[in-house]
Amino acid sequence: MATASEHIDQHETQPAALDERWTLIRYPLVNRTQLFELQDAPEETTNLRDKSERAATMKELTALLEKERAHFPDPGAKQADAGKSEEQ
């Protein structure tokens, strides 16, 4: 079962979506997303965001994250997301 959560540190909110196999973390203030496969790399060291074979996973977890973010709006994050292309 997939879930979405907010990872909070002293500088920014980092929304995340995860299930038994995957973790997707969004860094809205720097317009960056990371995707990790927990079975092969539980320490989250290999970002699979740009792997074409992971496009469906990215789409699914991003949709879950956006759905959950709608329940907990963060005006600063939405401003950071607006008009930026994803950094590599």
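Start with Asp19, which sits in the loop between strand S2 (13-18) and strand S3 (22-27). Strands here are DSSP runs of E, at least two residues, numbered from the N terminus. This is a predicted model: local features need pLDDT of at least 70, side-chain atom pairs count only at pLDDT 80 or more, and totals for chains, interfaces and linings use all residues. Residues are numbered from 1 along each chain as its sequence is written, and side-chain values use heavy atoms, with hydrogens and water left out.

Is Asp19 buried or exposed? Asp19 is buried, meaning under 20% relative accessible area with a 1.4 Å probe, protein chains only.

What does the Asp19 side chain reach, then? Backbone nitrogens: that of Arg21 at 2.8 Å, and that of Trp22 at 2.7 Å.

Next, Pro15, in strand S2. Pro15 is buried, at 2% relative accessible area. Its C-alpha lies 7.8 Å from that of Arg69, 54 residues apart along the chain.

Now confidence. pLDDT is the predictor's confidence in each residue, from 0 to 100. The chain mean is 77, and 68% of residues reach 70 or more. Among the elements, strand S4 (residues 32-37) has the highest mean, 94. Strand S1 (residues 3-8) has the lowest, 51. Over residues 6-11 the pLDDT is below 50. Beyond near neighbours in sequence, that stretch has 10 contacts in the model, a contact being heavy atoms within 4.5 Å.

Terms used. Helices (H or I, at least four residues) and strands (E, at least two) are DSSP runs, numbered from the N terminus. Buried means under 20% relative accessible area, exposed over 50%, partly exposed in between (1.4 Å probe, protein chains only). Lys and Arg count as positive and Asp and Glu as negative; His and the chain ends are not counted. A salt bridge is a side-chain nitrogen of Lys or Arg within 4 Å of a carboxyl oxygen of Asp or Glu. A polar contact is a pair of N or O atoms within 3.5 Å; within protein, one must be able to donate a hydrogen and the other to accept it, and residues adjacent in sequence count only if both atoms are side-chain atoms.
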